Amino acid sequence: MELLIKNGYVFDPINGINGEKMDIAVKDGKIVEEVNEHRAKVIDATGMTVMPGGIDIHSHIAGGKVNAGRLLRPEDHFKDVERKTAITRSGVGYSIPSTFTTGYRYARMGWTTVMDPAMPPLEAKHTHEELSDTPIIDKASYPLLGDWWFVLEYLRDGNIEECARHVAWMIKVTKGYAIKLVNPGGLETWGFGRNVKSIDDPVPYFNVTPREIIRGLCRVNKLLHLPHTIHVHTNNLGVPGNYQTTLDTMKCVEDLAEDNKPVIHITHVQFCAFKGEDWRTLHSGAEDIAKYINSHNHVTIDMGQVVFTDTTTMTADGPFQFTLYMLSGNKWVNHDVETETSSGIVPFHYKPKNAVHATQWSIGLELALLIKDPWKVMVTTDHPNAGPFIAYPKIISWLMSRKAREATMKKISEKAKKRSLLPSIDRELSLYEIAVLTRAAQAKALGLENKGHLGVGADADIAIYNINPETLNPSTDYTLIERAFQRAAYTIKGGDVVVKDGEVIAHKFGATMWVNVKLCEPCEIEVDRDMQKRFKEYWTVEYENYPVTDHYLRVSHPITVKADV
Amino acid sequence: MIKLVPTREFKVPIFAPCISPTVLQGKTLEEIRQLEVWEGNRKRVLGDLFRVEETETKSDSDDLTLIIEGDVSKVRMIGAGMVSGEIIVKGDVGMHLGEEMEGGKITVYGNVGGWAGSMMKGGLIEIHGNVDDFLAAPYRGQGKGMSGGTIIVYGDVGREAGAYMRKGLIKIYGNADQFVGYAMQGGTIYVQKNSGANTAACMVNGTVIIGGRIDSVLPSFTIDGIKNKVKVDENEVIKAPFYLFIGDLAENGKGKLYVSKENNPHLSYYERFL
């Protein structure tokens, strides 16, 4: 099928196009130089903004823990019901939407690629079943490897190459995309009922420190040539004073960087940029983190922006979730402790009048506004931890308009205003920068060559918004910006128009991307043999039943890389 | 005054939050007949299911009174979210009667389904019949129950009446099943007759008064004394001896559980702890 998008204002940061009026031609799901205007379906985008489809680098949308969250919270769903239509299936929201609703809601906002950031390897099959049932969007998942026993063992012994081979095996059999570390070392320590306090606190029994794990897996990542860097949820997350741990984590891989390329992605930094001794004295540490990132190029981050709403926190960080449960007194689930990681789920309500919550809200925005290079910081809410992903339009309006921030600031705790720099920040991001923060930077960080841009050969994932950059002033018309991003005028996925005027008009399934790491031939056989032996000793499942086989992926999109080991 | 009479016997559940004075206020009969309801998975209008009549004309400023005559035990969400006005039902009513209502009055001469007065915030519900489970309790999973208003039941109630209650008053002049006042955080529940097992389990605060027999008090409650009278509300003081228990200690609770001394001689062994 051929498609021609005419006369739109195109924002394509990867190709350096900033609001130029031009046509975009699509053929067979790819962007091409030109199409036959008479044959092609023409979309008149006059007075509209054309961007690559949105990309979400970190959003918990599938897997055992997400599903446990759905079961834990019937009250989250019953007021947010989506009826079935002739095209779409029924479903429920809100903070933990059902798979179908997740796909539709992302598409309605113009997002076309979403990364699920935490897959316990033992629950990989469940995760992929849910991902396969998430319509429209392309997706991938990061297996949790920072606390896997064999990683800890090999890193203790300093055997990086053997570690790399086993990590490659795991990524391949779980059909994963990147190496995810959550509270490295802390999750294994949680198995002993404790947590690690700093990046130099050794893990019981294994006697390896979080620093060694982070550095080790960072080197493994380079040996394997994975498209994304290591994806790190820091130690001490959600603890006042943890900005120091975050700085330590970034510093500890400083020497591993080459050619100014990033080697580490620190995720939902809002949760690990707390200064202060305790909850009463908590204030923003965003300035110190932004200062560090401004002067170093080996780090990318995402925001983890808080929105004031009733949501559900869920991370693989079991000890942190336990602390949150004790703090909030809410119901909780301690999940996945029997797998290679851990996790916890606690419902949470962020309230504007609460000084801590309001400070958290400020921290996220501060990070995005104080970091000068938009390619280093990305928009996320760590869905659903700091808020559901449907809040992205709201976040965009806060980033683009000081007035929008002031309007929210009127409602928040007075104490919180004094505890962050946000009231003094004037910066307002442009549409071009928003395109970086929500698409281009994410594609670049993830190493997605065919996504996040509109150059010839790219996947035809396109979002068209009802924003005329020549007449609309985002600074004052922030509600219009928010509305435009809530309901994309068109979302095009793989060359098909799937959303028109904010409604899903066509149903299709996106691909599941995974990395097929090729080791040297004898190594591959060696690792396989070793794992077969270990399965008998360690696992509750048989070796043959463990790998995610091809039929678990509705549309499989392998990315083959050749490793150095 | 508007009267609704079912035109036939309903076989499948009907979802009709529009049957509320707050929604009907100021609408003409024709507009009322066109209001949307769901019968099972079919979309209908109110006029398909009910005969709608105006029995007495009042000026627009007056609060509307709505009379429902007949069996509406399949109809859910009657009076949901109502703010003012009155509903009188002569017959049985379905689930979620007066859910989240904020004001006004509902009177039922018949039996009522589950979740009556669920999460209600204000107003008055009077039921001259029995009520099913989860009276005034919130929807499953939610921790915020009734936060104001009054419910009076002249018959028996099912399980978990007043669960997660925060404020307000529930008077039950019949028997109550298990878990009355489960995880209650405030307010008052009075049960005139007997109460089932696990009364006031997990309560944190508030008052539960049991006038009849109760098989046992949970071990996580501690006896605090014997009171000669108990005040239910401004109009009702029961002058009889009551054991006062404090709990639920498993939740660090300081709720009050009053249990009639006369009707519970088997609890007299608690007196030696005083």
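User: What ground rules apply here?

Analyst: The model is predicted; local features need pLDDT of at least 70, side-chain atom pairs count only at pLDDT 80 or more, and totals for chains, interfaces and linings use all residues. Residues are numbered from 1 along each chain as its sequence is written, with chains lettered from A and ligands numbered from 1 in the order in which they are written.

User: At what angle do the axes of H5(A) and H6(A) cross?

Analyst: Helices (H or I, at least four residues) and strands (E, at least two) are DSSP runs, numbered from the N terminus. Axes are lines fitted to C-alpha atoms, for helices over the stretch in contact, and angles run from 0 to 180 degrees between N-to-C directions. Here the axes of H5 (residues 149–156) and H6 (residues 160–173) of chain A come within 8 Å and cross at roughly 165°. H5(A) is therefore roughly antiparallel to H6(A); the label applies to angles over 145 degrees.

User: Which residues of H5(A) and H6(A) meet?

Analyst: Contact means C-beta atoms, placed from the backbone, within 7 Å. Phe150(A), Val151(A), Tyr154(A) and Leu155(A) of H5(A) meet Glu162(A), Cys163(A), His166(A) and Val167(A) of H6(A). That contact has six nonpolar residues, one polar and one charged. Ala, Val, Leu, Ile, Met, Phe, Trp, Tyr, Cys and Pro count as nonpolar, Asp, Glu, Lys and Arg as charged, and the others, Gly among them, as polar.

User: How many residues does the largest nonpolar core have?

Analyst: In soluble globular proteins, nonpolar side chains tend to be buried together. A core is a set of buried Ala, Val, Leu, Ile, Met, Phe, Trp, Tyr and Cys residues joined through C-beta atoms within 7 Å. Buried means 20 or more other C-beta atoms within 10 Å, exposed 12 or fewer, partly exposed in between. The largest core has 170 residues; Val50(A), Val167(A), Leu367(A) and Ile464(A) have the most contacts inside it. Apart from it lies another core, of 78 residues, among them Met82(B) and Phe221(B).

User: How many residues of chain A are in contact with chain B?

Analyst: Four, against four of chain B. The chain A side has two nonpolar residues, no polar and two charged.

Key:
Parallel < 35°, antiparallel > 145°, perpendicular 65-115°, else oblique. Contact = placed C-beta atoms within 7 Å.
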